[in-house]
Amino acid sequence: MPEAPEIHLASLYVNKMCEGLVFTGPVRKSDVSKSPNVPFTCEAYRITATSRGKEVKLTLTPMKSYDPKQTFESGHADQPMDIVFRFGMSGYFRLTTEDELPKHAHLRFYSKEKPCRVLSYVDARRFGSWQPNGTWQPDRGPCIMFEYKSFRENVLSHLTDRAFDRPICEVLLNQKYFNGIGNYLRAEILFRLNIPPFVSARATMEGLKSEDLCENETTDTETKKNRVKGETADLLRMCHSVPLEVVNLGGKGYDPEKADYSDFEAWLQCYYVDGMTSMRDHNGRTMWFKGDPGPMVPKDSKSPKTKRAKKDDHDYTHKKREAGTKTPKKEKYPCSKEAGCKGRQTEKSWQDVPGNTPQYKHRSTAQKRKSSTTELSAGAGSRRSRRVTRQNSK
């Protein structure tokens, strides 16, 4: 699922690819999408993007003509429109030619050039959504990356809320306080701070101050290394700095053109890494960690599973080949092609069945049907005769 870094990189991608590009016509939605239509049509407009936590906003701005006599056509937009996107599990933006339109392009913006290009919102799993004339969701907190001061104050001023009674790994997914953090970020943050995932969230932050004195400091690398032990207790600072590390990876964290995530995978220290342990939290989400999980482990959770490195099997000996070769199934009705017999029509010889002798061969279907009819007729006649006898006796 895209988290704050991926959402921000998506906005950077849109701004880079759409710089100087003019779009035209209506915004088109796919037939299968259940999200609302976008009532925007314009002869010429531009697109810019901004992000906040797990949301990204596209702004469609009509271009004003230099000719004072020219007016906007009837039904065409003359005011900017904001469309707020939530990516769900698999959403992203991509700019292509019209002939290379992605399969799951559910919202499309067409450029005015010839041949035209298309900015598409692509979502294969269709868990994402968009809202025309939308605003940032009011129940989401400040962005962990670009509203750090407000984010820090919002968390520390609400530590008495019941939400912080829960384990820290679950509270980190609460977008009311940690807008932008998802499954991989919570694993990486807690791992680097050596905090067990299932300890009280309140206990991990009670000693923190609302103002981060180290926020604007500029120190050399050696001084930062010597200060690491003192910083490890500041969970909120790590919630801010770790996502920025992913953003600094550049296109390797969000690259819909090449889909190359090797740098991102190398950056991960805990999430889905060999040697780490995974466990389901109270909400059913998988938590990755190392060491003691903490005292607030779910009672019905299964025993922790450690991810082991896969060993390449390069044993190509005869034993391996023989073991891996499937034994061919025996034919149910074997017969030679020369004989011209049909296997399915060939039955076992009656003599081969234990307890049977040659004189008890199968009767034909017609004989069986005839004998059964005779038996039924005989049975019916005997029943009628018994009824007549009982009536006479009366």
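Which residue takes a positive phi in the hairpin of β3 and β4?

**View 1. The protein chain as a whole, with 11 helices and 12 strands.** Helices (H or I, at least four residues) and strands (E, at least two) are DSSP runs, numbered from the N terminus. Of the 394 residues in the protein chain, 38% are buried, where buried means under 20% relative accessible area, exposed over 50% and partly exposed in between, computed with a 1.4 Å probe on protein chains only. Among contacts between residues at least 6 apart in sequence, 67% join residues at least 24 apart, a contact being heavy atoms within 4.5 Å. Residues are numbered from 1 along each chain as its sequence is written, and side-chain values use heavy atoms, with hydrogens and water left out. Because this is a predicted model, local features need pLDDT of at least 70 and side-chain atom pairs count only at pLDDT 80 or more, while totals for chains, interfaces and linings use all residues.

**View 2. An open sheet of 5 strands in the order β1-β3-β4-β5-β9, with antiparallel pairing.** Strands of a sheet pair through backbone hydrogen bonds, either parallel or antiparallel; two strands are taken to pair if DSSP finds at least two bridges between them. The edge strands, each pairing on one side only, are β1 (23–26) and β9 (129–132), and the twist from one strand to the next averages 35°. Strand β3 (residues 41–52) is joined to β1 in the antiparallel sense over 3 bridges, and to β4, again antiparallel, by 8 bridges, with Ser51 standing opposite Val56 in β4. The hairpin of β3 and β4 has 2 residues between the strands, and Gly53 takes a positive phi near 60° there. On the other pairing of β4, 5 antiparallel bridges link it to strand β5 (residues 81–86), where Val84 stands opposite Lys57. In β4, 7 of the 8 residues are buried, so this strand is largely enclosed by the rest of the structure.

View 3. Tyr45 is buried, with a relative accessible area of 0%, and Phe23 stands opposite Tyr45. Leaving aside residues up to four places away in sequence, Tyr45 touches a set of residues that includes Leu21, Val22, Phe23, Thr24 and Gly25, as well as Leu60, Thr61, Pro62, Met63 and Phe109. The C-alpha atoms of Tyr45 and Pro80, which lie 35 residues apart along the chain, are separated by 8.9 Å.

**View 4. Helix α1 (residues 4–17), lying across β3 and β4 (55–62), and its packing with α8.** The helix runs at about 150° to β3; axes are lines fitted to C-alpha atoms, for helices over the stretch in contact, and angles run from 0 to 180 degrees between N-to-C directions. With α8, α1 packs at an angle of about 45°, the two axes being 9 Å apart, and α1 and α8 are therefore oblique to each other, since angles under 35 degrees count as roughly parallel, over 145 as roughly antiparallel, 65 to 115 as roughly perpendicular and the rest as oblique. The contact is made by Pro5, Glu6, His8 and Leu9 of α1 with Pro243, Val246 and Val247 of α8.

**View 5. Helix α4 (residues 183–193) against helix α8 (residues 235–247).** The axes come within 10 Å and cross at roughly 120°, which makes α4 oblique to α8. On the α4 side, the residues that meet α8 include Tyr184, Leu185, Glu188 and Ile189, and their partners in α8 include Leu235, Met238, Cys239 and Val242. The residues of this contact divide into 11 nonpolar, no polar and 3 charged, where Ala, Val, Leu, Ile, Met, Phe, Trp, Tyr, Cys and Pro count as nonpolar, Asp, Glu, Lys and Arg as charged, and the others, Gly among them, as polar.

**View 6. Helix α2 (residues 148–156) packed with α8.** Their axes lie 10 Å apart at an angle of about 145°, and the contact is made by Tyr148, Phe151, Arg152, Val155 and Leu156 of α2 and Leu236, Arg237, Cys239 and His240 of α8. These residues divide into 6 nonpolar, 1 polar and 2 charged. Buried residues of α2, among them Asn154, pack as a group against α5 (201–205) and α8.
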